[in-house]
Amino acid sequence: MRNGATSESRLARAVIMAIGLGFFGLFLLMPLLVVFAQALAGGIGAYLDAIVEPDALAAIRLTLLVAAISVPANIVFGIAAAWAITKFDFPGKSILITFIDLPFSVSPVVSGLIYVLLFGAQGWLGPWLAEHDIQIIFAVPGMVLATIFVTFPFVARELIPLMAEQGRDDEEAALSLGATGWQTFWHATLPNIRWGLLYGVLLCNARAMGEFGAVSVVSGHIRGETNTMPLHVEILYNEYNFIAAFAVASLLALLALVTLVLKSLLEWRYDYHGKGTGH
Amino acid sequence: MPISRRNLTIAMLLGAVALTGCSGGKAPGDGVVLLNVSYDPTRELYKEINAGFANHWKADHGQTVSFKMSHGGSGKQSRAIQDGLEADVATLALSYDIDAIAAAKPGLLDPAWRQRLPDNSAPYTSTIVFLVRKGNPKNIRDWNDLVKPGVKVITPNPKTGGGARWNFLAAWAYGRKAGGSEAAAQDYVSKLLANVPVLDSGARGSTTTFVERNIGDVLITWENEAFLAQKEMGAGKFEIVVPSISILAEPSVAVVDGNVKKHGTAEVAKAYLEYLYTPEAQDVIARNFYRPRDPQVAARYAATFPTLNLVTIDKDFGGWKAAQAKYFADGGVFDTIFAKIKR
């Protein structure tokens, strides 16, 4: 007896395979190759020159800085939120879950504009900020805030189904044996969630470094100062500086590839399929 | 629990502080830094101007001046300055965008800024021309060729771009002259916009759409942008077509009073803008394909800039304030036309 899944004719299977592979090649592989081909179009020397150029270095540094602040912030938030949601019962729990997803459903441009409306010179807090000479919008703090907002859900979304599935047995056992809250978290909860947590951090970091829309709105686009790598790529491209634009873009593409490899390793490591029906 | 939270917070703060420390060193030494917030196509121009001015300032005052540049659609940049982007000088595509800063925040910019420098604070002019592909395959000679069926026209969105508004008004001026009425002008511009497949947000975006992505048969753009595209993409790939009628564009410059006061850069910012009017800077301006104000420099570059019939914003459209309200405000002529085309 053949089961339903393999009963299609060979032709149908070949067609489906061809469509899948064709799609993969055309929309995923080709653009990636084009990025690297364009970046190296002027030779390896021109490629390196474009990357060590001061404005490009400033963009790389800023991108790393923004990620280095927003990723830890979202780790803390993500663990706290997942912990609260899965280990305790409290009113408003489902509303909190919905709100965690908000950044996924809001366009990044809107996310950026929210901060302009809040902290801009004409925004709600603008006059107070100006009085105290605090610059948030068009400076690094605004870019960090916008990035934290768009990467908000990654860690929490990864942990909530995982921790919900694991239940509270381990924690209750630890507490009944006299462990403090911190010990319980460190010795019972964290080991259970570490692979899921790493996975969430990886996704969070990839988005933090690659974010364009939200950051673009609050950046002010000052060369060498408030341009992250994605913004710098756009500027270089608009200046007919195609080799440099694709060289910086290739760094982002490399980051994506490294993320992909690490992601596969993690999935293999923490047995993604055993994770349950959360995804 | 309290210990954990405190430790984590401290660790994070330390990390953040360490990283911020690494990225420091924005203001180089004892020098002075000016932030010039400009519109899209002036990147190449100000690169040269800044170097020239820095040499002068160093020679005259012994002080190093360095520049931070921000480029984007003129309307967007104006908005950013209003929202707190601390520009020392605003060098935008049209006086209206600088007026908008003064209107929103009079403390930031003196509303009488146009009188502070010669020529209405517009150190150079430009106009709107067409860029077509090699050999002019669609045989585009003048505005009426742009509304022929099958001609794809590239122009940016006048809601966000300064150049785009000049384009729109130049087209309007042609439509009005050809048809003899405002209704004819609106009809002409509607047909023109119906031929636009991509509305980018700024002039440079449109140029890359046309030049790099190979979309469209004709690009309506700044004269300087057309020349630059020709130069950057290699001679012979594109041709400039000068229409029978166009508009005199006067990109304007102003010191942003509130910001220079805060930064202590009033003197150097003023000198920077005055430098734009010197023969040396005017020559740089002409070499970057903007029409110089200085008559002697203009005479030297007469061959580059053909004379053509130019309408002006003040005489033919009642000034930017009136034009902005009528054509580009929410619910204005552009919105009406655009809503009709989409349907």
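A contact, in what follows, means heavy atoms within 4.5 Å. By that criterion, among contacts in chain B between residues at least 6 apart in sequence, 75% join residues at least 24 apart.

Some conventions next. This is a predicted model, in which local features need pLDDT of at least 70 and side-chain atom pairs count only at pLDDT 80 or more, while totals for chains, interfaces and linings use all residues. Residues are numbered from 1 along each chain as its sequence is written, chains are lettered from A and ligands numbered from 1 in the order in which they are written, and side-chain values use heavy atoms, with hydrogens and water left out.

I shall stay with chain B. It contains 16 helices and 11 strands; these are DSSP runs numbered from the N terminus, helices being H or I of at least four residues and strands E of at least two. The radius of gyration of chain B, taken over C-alpha atoms, is 22 Å, close to the 20 Å of the globule rule (2.2 Å times the number of residues to the power 0.38) for 343 residues, so chain B is as compact as a globular protein of that length. Its C-alpha trace spans about 75 × 60 × 40 Å along the principal axes. Of the 343 residues in chain B, 55% are buried, that is, under 20% relative accessible area with a 1.4 Å probe and protein chains only.

Now the interior. A nonpolar core is a set of buried Ala, Val, Leu, Ile, Met, Phe, Trp, Tyr and Cys residues joined through side-chain atoms within 4.5 Å. The largest such core has 72 residues, and those with the most contacts inside it include B:Trp143, B:Phe168 and B:Phe317. Helix H6 of chain B, residues 162–179, gives the most to this core, with eight residues. At least three residues come from each of domain 1 (30–121 + 249–276) and domain 2 (125–247 + 305–340) of chain B, with bounds from an automatic or database domain assignment.

What is B:Phe168 in contact with, leaving aside its neighbours within four places in sequence? Its partners include B:Pro158, B:Val189, B:Tyr327 and B:Ile337.

Turning to chain A, A:His232 is found in helix H11, residues 229–238. Is A:His232 buried or exposed? At 1% relative accessibility, A:His232 counts as buried. Not counting residues up to four places away in sequence, A:His232 touches, among others, A:Glu53, A:Asp55 and A:Arg223.

How values were computed
Buried < 20%, exposed > 50% of the residue type's maximum accessible area, 1.4 Å probe, protein only.
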